[in-house]
Amino acid sequence: AEFDLHVDYYRAHPSAARLWLAGRLSEAVTDFVHRRMQTLSERIYTLLTERGIIPTDTDPRGVLLAVELADRAMELAYRGRDDFDDAMLAAGRMAVSAYVESLDLARA
């Protein structure tokens, strides 16, 4: 759901997609992206643990990696385009889902 939320936002705001997915050219932008990925990961981790979707002893680095993988998949699906490559997005969703399932993050 988080993956689709971001894709929908980027499609509704193409200038944000260009800046976020194709504008990582300076150290300042890259640093901002890394901080944003950490913040997003922490928010998702907290949400999942508070709702009992994942155990509280789940390593938060697994959630961070899932967030980063999803971001890279979106970046790759957008690279050199004005819109996303839907087949690449589908492959990215599948890859992130397979990773999360391998960690058993979804166990209650």
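User: How many residues of the lining of the largest pocket are nonpolar, polar and charged?

Analyst: Ala, Val, Leu, Ile, Met, Phe, Trp, Tyr, Cys and Pro count as nonpolar, Asp, Glu, Lys and Arg as charged, and the others, Gly among them, as polar. A pocket, on a 1 Å grid over the protein atoms alone, is an open set of points where a 1.4 Å probe fits, with protein on both sides within 12 Å along at least five of seven lines; lining residues have an atom within 4 Å of a point. Here the lining comprises 22 nonpolar, 2 polar and 7 charged residues. This is a predicted model: local features need pLDDT of at least 70, side-chain atom pairs count only at pLDDT 80 or more, and totals for chains, interfaces and linings use all residues. Residues are numbered from 1 along each chain as its sequence is written, and side-chain values use heavy atoms, with hydrogens and water left out.

User: Which residues lie nearest the centre of the largest pocket?

Analyst: Ala1, Glu2, Phe3, Ile44 and Val67 do, among 31 lining residues.

User: With which residue does Glu2 form a salt bridge?

Analyst: A salt bridge is a side-chain nitrogen of Lys or Arg within 4 Å of a carboxyl oxygen of Asp or Glu. Glu2 pairs with Arg43, the closest N and O atoms being 2.8 Å apart.

User: Is Asp71 buried or exposed?

Analyst: Buried means under 20% relative accessible area, exposed over 50%, and partly exposed in between (1.4 Å probe, protein chains only). Asp71 is buried because its relative accessibility is 3%, whereas its salt-bridge partner Arg72 is partly exposed at 33%.
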